[in-house]
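Keep the sequence and the 3D view open as you go.

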Amino acid sequence: MSKWRVFWVPKTAPIATPRVPVLAGWADLAEREESTGIRPGDPILLAPDYRVDELLGLYTRSSPFRGYTRETKRNYITDDCLFLNFLWLRGRVWTQAVESDVDDFEFWRRTSPDNPVRVGGNKWNRELAALMNLYTWAAKPGNEFVPRNPIPLHQVVGRHGQVVAVPDGKAKDARGSNVHWLTPRAFRLWVDVGLRGFGADGLPAPGWVGRLEDRNVAFVRLLTSSGVRRLEGASLLTFEVPSLCLEGGRYYTGRLAAAVTRSKKPRTYYVEAGVVGDIESYVESSRAAVIRRAQERGRYDSVRDMRLVTRVSRGPKPTVYWRDRKGVRGRIALTEADADERMTWFTEGPGGPEPLWLWLNEMGLPFQPHSWNNVFTAANLRCRKVLDPEPERWLDPHGSLAPYATPHSCRHSFALYMLVILHHLMDQRFGLTSEERRDYRLLYGDPWRMVQDLLGHAYLETTRERYLAPVADLQLRSLLATAPSSREDGQSVSAMDEVFARLAREAEGIQDIDAKLQVPSRAAE
């Protein structure tokens, strides 16, 4: 069956007409696109009859759509295409949709037994938001491409007192956030099996060859030890990672640029010393190797949008100075550079230009932030194959012994870990009384608020209700009352493992290693 398809405009590249005869006469494609306002990264929607919808092209070039992040653009266009396909089967185009079409679409997506892939409240609300944005743009004065908005709306008062339009069909059963947690030892197992190729016996599997294994392990450990989001961690430049120093502390600090954070505000992140060591090892080994191969093969010579960074100023607001291949010079505050611009930055190394983007693919080019999802998917699949070898376990989600992780579950698990550790420090290691604990909180803040600051949340309710829902109603002091005392040696790891094991038994949604799974324990990394 023919469907609507999406093509994303790539970055400018020369048209190889001799090798691709069908492209003859299109050598000036970039200039044609620019003359119509089409930019690299814009989507082009192709109908089942191979026509390009001009109005949808106007929408994707509108200021509301271009203001979205790259991931939001991809999500919204994917969701819009589902509705476009639904209408196409009815012999209609999107400008002919009415309210009953939206109602029928919701029934199909969420309820119809004939739909083999029904969705829940969260996914439906995202699809509805995508449609609402499209039709709100199409129906606004000055556009009026549709006679009436087929998405019924009502107005509510927002958190800051502003009036917000909300679709009438918004699902009531949507969860605040699709979150899940892993205890520290469950995450260590996931990394060992999924990324390092270990077997269920805790030993490296014979013949295992991991693709950029050190890169993947370093990135995942960065997320779990710092709580940064996927885009935030994926957009780091080489000089934005703190460097190990002699007699350094257990944690190092770095700064996240405002342009790559969700709040669009810069913030400090904290990362364990061992993770900084993992990143440095990756930079000096496999990252250096892929850069050398790329230089030898002249791969960087074809990067047309390369900007060679000549200087980065110091001070409270560092500025990046660069020049491009045409000799044009420019500058931008480091904190204002988004992920797309950061991927164009190179520095002059001993063997020629080198990317400043920290995480590289096997071609020596910047590894796209959304591509990390594939790394997690592959690791989850390997964990399932190794730890759930029995076929019947693949049919029983509750009987699975394999941990499951996503980029965001690293952040959730970090929040849980920090909350328990901070309470542990206050209630046990420091031996505080009720009065002393009150004074400590007045001076340094409540552990809940500390975790809120580490995550960069604007509201404490987000931290409590979404990220830390399993323990929001638990008395952590009583939970920790029977925990073993913390030690300065490696035994403190197993002591805290017992605390998290008990927490996993008492709260829903926290993954821990099942007692039936005999995996040799490994020391803290």
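**Exercise 1.** Decide whether Ala205 is buried, partly exposed or exposed in this predicted model.

*Solution.* Start with the relative accessibility of Ala205, which is 24%. Buried means under 20% and exposed means over 50%. Ala205 therefore counts as partly exposed.

**Exercise 2.** Find where Ala205 sits and what is in contact with Ala205.

*Solution.* First, locate Ala205 in the loop between α7 and α8. Next, set aside the neighbours within four places in sequence: Ala205 is then in contact with Gly197, Phe198, Gly199 and Arg382. Finally, pick out Val193, 12 residues from Ala205 along the chain; the C-alpha atoms of the two are separated by 9.1 Å.

**Exercise 3.** Work out which residues of the largest nonpolar core touch the most other members.

*Solution.* This core has 52 residues, and those touching the most other members are Trp190, Leu195, Val220, Leu222, Ile279 and Trp359. Among the elements that give two or more residues to the core are α7 (184–195), α8 (213–226) and α10 (273–296). Now look at Trp190: beyond its neighbours within four places in sequence, its contacts include Leu195, Val220, Phe376 and Tyr404. A second, separate core has 28 residues, including Trp4, Leu56, Leu84 and Trp124.

**Exercise 4.** Describe the lining of the largest cavity.

*Solution.* Begin with the volume of this cavity, about 30 Å³. Its lining consists of Leu45, Leu56, Tyr59, Thr60, Ile77, Asp80, Leu84 and Leu134. Sorted by class, the lining has 6 nonpolar, 1 polar and 1 charged residues. Lastly, α2 (54–60) and α4 (70–89) each supply at least two of the lining residues.

Note on methods. Residues are numbered from 1 along each chain as its sequence is written. This is a predicted model: local features need pLDDT of at least 70, side-chain atom pairs count only at pLDDT 80 or more; totals for chains, interfaces and linings use all residues. Side-chain values use heavy atoms; hydrogens and water are left out. On a 1 Å grid over the protein atoms alone, a cavity is a set of points where a 1.4 Å probe fits but cannot get out, and a pocket is an open set with protein on both sides within 12 Å along at least five of seven lines; lining residues have an atom within 4 Å of a point. Grid points are joined across faces, edges and corners, and a volume is the space filled by probe spheres set on the points. Helices (H or I, at least four residues) and strands (E, at least two) are DSSP runs, numbered from the N terminus. Ala, Val, Leu, Ile, Met, Phe, Trp, Tyr, Cys and Pro count as nonpolar, Asp, Glu, Lys and Arg as charged, and the others, Gly among them, as polar. A nonpolar core is a set of buried Ala, Val, Leu, Ile, Met, Phe, Trp, Tyr and Cys residues joined through side-chain atoms within 4.5 Å. Buried means under 20% relative accessible area, exposed over 50%, partly exposed in between (1.4 Å probe, protein chains only). Contact means heavy atoms within 4.5 Å.
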